[in-house]
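Hi there,

Here is the structure I promised to pass on to you. Have a look at it first, and then read my notes below.

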Amino acid sequence: MTLHVPRLHVIADSSALADAAFEGGAPAVQVRIKGVHDAAVLAECQRIVASAQATNAVVIVNDRADIALAAGAHGVHGGTEDLPVAEMRLLLGPNRLVGGTARDPDTALVHQDRGASYVGVGPVYASATKAGLPEPLGPAGVEKVAAAVDIPVIAIAGITAARVPELLNAGAHGVAIIGAVAHAADPATATAELLEALGG
C-alpha cells in the first residue's frame with residue numbers, strides 16, 4: 001500500500017528534535033543530518049524510526065536512499081545534487097515515499113513522470129537556517145508548480161504558522177518546517193500550532 005503524503009514535515013537533525021515534533025503531533029519527520037559519518041546517521045535514523053512507531057508517524061530521510069532503506073524509514077527526499085528521482089524510486093520500490101526538489105513547473109513535471117510521490121518547492125521565503133539558497137519563490141512560485149502537477153506540493157523555507165494559509169491558497173498540499181520548530185522555545189507546541197494552521 002502506497003503511503004499518503006503528510007501535510008506537515010518537520011525537518012530534524014536529531015532524535016531529540018524528532019521526539020519533540022512527534023510529541024506535538026507531527027505526522028512526518030524529514031531527517032537531515034550533516035557532518036557526521038554514515039554509521040552515526042544510520043543510528044540516529046533508526047532511533048527516529050523507532051520513536052515514530054508510537055504515533056504512526058512517517059520518517060523520510062533526506063538525500064540518502066541507502067540509509068533510508070537500512071533504517072526502515074518510510075521514504076527519501078532528494079535535493080538537486082542527490083540521486084535522481086527515478087533511481088531513488090528504483091531503490092525504494094513502489095510503496096515508499098520519494099520526494100524531489102523543484103523550483104519550477106518543468107522540473108516538477110519531470111519528477112512526477114519519474115515516480116515522485118511529491119515535490120518540495122522552495123525556498124518560498126528567505127531562510128534563516130540555510131545559507132546560499134536561490135531567491136525566494138514566494139507563494140506565486142508555489143502556485144505555478146502546484147498548477148502544473150498532480151502530485152502534492154510541499155512548500156519549504158522561511159515558513160511560519162502565520163504564512164500557512166497563503167501557501168494553502170496557492171495550492172500547496174503542505175509545508176516542510178525547520179526553524180519555526182527547531183528554534184522555538186517549545187518545539188512540541190510549535191509543531192501543534194503548525195498542524196492547527198494546516199487544518200489539523
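G115 sits in the loop that lies between α5 (105-113) and β6 (118-121); helices (H or I, at least four residues) and strands (E, at least two) are DSSP runs, numbered from the N terminus. Before going on, please note that this is a predicted model, in which local features need pLDDT of at least 70 and side-chain atom pairs count only at pLDDT 80 or more, while totals for chains, interfaces and linings use all residues. Residues are numbered from 1 along each chain as its sequence is written, and side-chain values use heavy atoms, with hydrogens and water left out.

Apart from neighbours within four places in sequence, G115 is in contact with V85, R89 and V98, where contact means heavy atoms within 4.5 Å. G115 also lies 9.3 Å from E87, C-alpha to C-alpha, although 28 residues separate the two in sequence.

Now to R89, which belongs to helix α4 (residues 85-92). R89 is buried yet forms no salt bridge, and the nearest side chain of opposite charge, E87, is 11 Å away. A salt bridge needs a side-chain nitrogen of Lys or Arg within 4 Å of a carboxyl oxygen of Asp or Glu; Lys and Arg count as positive, Asp and Glu as negative, and His and the chain ends are not counted. What does the side chain of R89 reach? At 2.7 Å it reaches the backbone oxygen of R96. Beyond four places in sequence, the contacts of R89 include P94, L97, R114 and S117.

Helix α1 (residues 15-23) has its own buried residues: S15, L17, A18, A20, A21 and F22. Their cover includes β1 (8-12), α2 (38-52) and α9 (187-197). After α1 comes G25, whose phi is positive, near 100°.

Finally, the whole chain. The protein chain has 9 helices and 8 strands. Its radius of gyration is 15 Å, close to the 16 Å that the globule rule gives for 200 residues, so the chain is as compact as a globular protein of that length. That radius is taken over C-alpha atoms, and the rule is 2.2 Å times the number of residues to the power 0.38. Buried residues make up 48% of the 200 residues.

Enjoy exploring!

Note on methods:
Buried means under 20% relative accessible area, exposed over 50%, partly exposed in between (1.4 Å probe, protein chains only). A polar contact is a pair of N or O atoms within 3.5 Å; within protein, one must be able to donate a hydrogen and the other to accept it, and residues adjacent in sequence count only if both atoms are side-chain atoms.
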